[in-house]
Amino acid sequence: MKTLVILSHPKLEESIANKKIAEELQKKENVEVRDIFALYPDYKINVEAEQKALLTADTVIFQYPFWWYNMPAILKVWFDEVFCFNFAFGPEGDKLKGKNFLLSFTIGGPADAYTPLGYNHFRVEEFTKPMEQTAYLAQMNYLAPVYEHGMVYIPGVYNTKEAVEERALQQTTQIIEILDDLENENPEIKIKSFAKQWFEHFDVLADDGYFNNYIANGAKLQFAEGEFVGHEGFSEWYAGIKNTIKPNNEHRIESINVVANNGHYAVDLSVKLKAEKLSGEPLQLNVKENWKVEITRDGRIKIHEYIVNTVN
Ligand SMILES: Cc1cc2nc3c(=O)[nH]c(=O)nc-3n(C[C@H](O)[C@H](O)[C@H](O)COP(=O)(O)O)c2cc1C
């Protein structure tokens with residue numbers, strides 16, 4: 001599952017909270033952080049580049065400091081430009097449909113200020129209503145926002161830097177839990193993300209133990225080299241592959257389709273392989289793969305059938 005973080009902070013060099021959260025998220029696999037103020041300090045947004053980045057994402061996180069009960073202006077300009085007609089709304093404006101939309105912001109004031117009798121009067125979620133509706137119009141999946149209070153550090157007056165950083169880490173943990181839940185709850189996303197990792201392990205010719213973890217006992221395996229069965233069969237076939245090609249090859253998933261079918265998932269893939277044989281000769285193959293996959297009750301992936309057909 002790919003996550004795009006739209007980091008929106010016009011003074012990141014002075015930031016404690018958002019900087020920390022962005023740094024932590026950046027360390028996670030499949031997360032791209034776009035620092036939009038660094039990209040567009042003149043507020044002239046490259047709409048095409050931003051839309052392209054959005055199209056690759058399953059989840060979009062908007063990360064920003066709460067400024068005047070709202071987002072910093074750079075993010076507002078970004079929305080005004082990027083969420084345009086026939087992209088985010090309008091007759092052909094379904095390009096973001098189904099993507100997850102998560103606001104993650106840091107709030108200076110304490111929680112009790114955001115109550116009817118507090119000095120900010122309104123609940124935090126009342127201030128984010130326009131964004132909630134923006135997500136609905138774009139047919140996106142609006143998730144409850146993530147935020148922490150008391151995120152300002154004023155030396156000698158309010159907070160310590162360490163306490164703010166600690167809360168920033170807590171906020172990051174919350175975000176990561178949400179991302180993990182999204183991945184686990186949605187079988188299609190889970191299987192797609194698994195397939196990506198699976199081929200990344202083939203790219204480096206990882207140990208057969210990694211692959212056998214996911215292969216069911218007695219699984220039917222069919223390759224150009226013949227038919228094999230279960231763990232032993234996989235290891236036998238794989239030993240042959242390791243004797244044929246060098247590591248650091250490339251398996252590119254051109255397309256992947258996951259369909260639920262009688263308690264299993266049928267996964268159809270087109271994959272382009274670029275490798276080099278041990279002899280130095282280049283090898284390029286297009287293959288169609290058909291997997292029969294189970295997600296077990298404890299959330300593990302098991303492959304019951306793995307059929308590979310070479311197309312060229
Ligand atoms: C221009 C500006 C406006 C702010 N407005 C609010 C506000 O409306 N409510 C609030 O609780 N804090 C407000 N704050 C405090 C910020 O939310 C706080 O500084 C920020 O979350 C800290 O994150 P950072 O370390 O990444 O900059 C404001 C701060 C600035 C600089």
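Which helix gives the largest share of the shell around the ligand?

1. Helix 1 (residues 17-26) does, with three residues; helices here are DSSP runs of H or I with at least four residues, strands are runs of E with at least two, and both are numbered from the N terminus. This is a predicted model, in which local features need pLDDT of at least 70 and side-chain atom pairs count only at pLDDT 80 or more, while totals for chains, interfaces and linings use all residues. Residues are numbered from 1 along each chain as its sequence is written.

2. The ligand is surrounded by 17 residues, and the closest are Ser-15, Asn-18, Thr-106, Gly-108 and Gly-109. A residue is near a molecule if its C-beta atom, placed from the backbone, lies within 6 Å of it.

3. Four residues of domain 1 are in contact with four residues of domain 2 (C-beta atoms, placed from the backbone, within 7 Å).

4. In helix 10, the buried residues are Phe-234, Trp-237 and Tyr-238 (buried: 20 or more other C-beta atoms within 10 Å of a residue's own; exposed: 12 or fewer; partly exposed: in between; C-beta atoms are placed from the backbone). Seen down the axis of helix 10, the buried residues fall within an arc of 100°, so they line one face; the arc is that of the directions from the helix axis to the C-beta atoms. Exposed Glu-232 and Ala-239 sit on the face turned away from the buried side.

5. The buried residues of helix 10 pack against helix 9 (208-212), strand 7 (215-223) and strand 8 (226-229).

How values were computed. Two residues are in contact if their C-beta atoms, placed from the backbone, lie within 7 Å.
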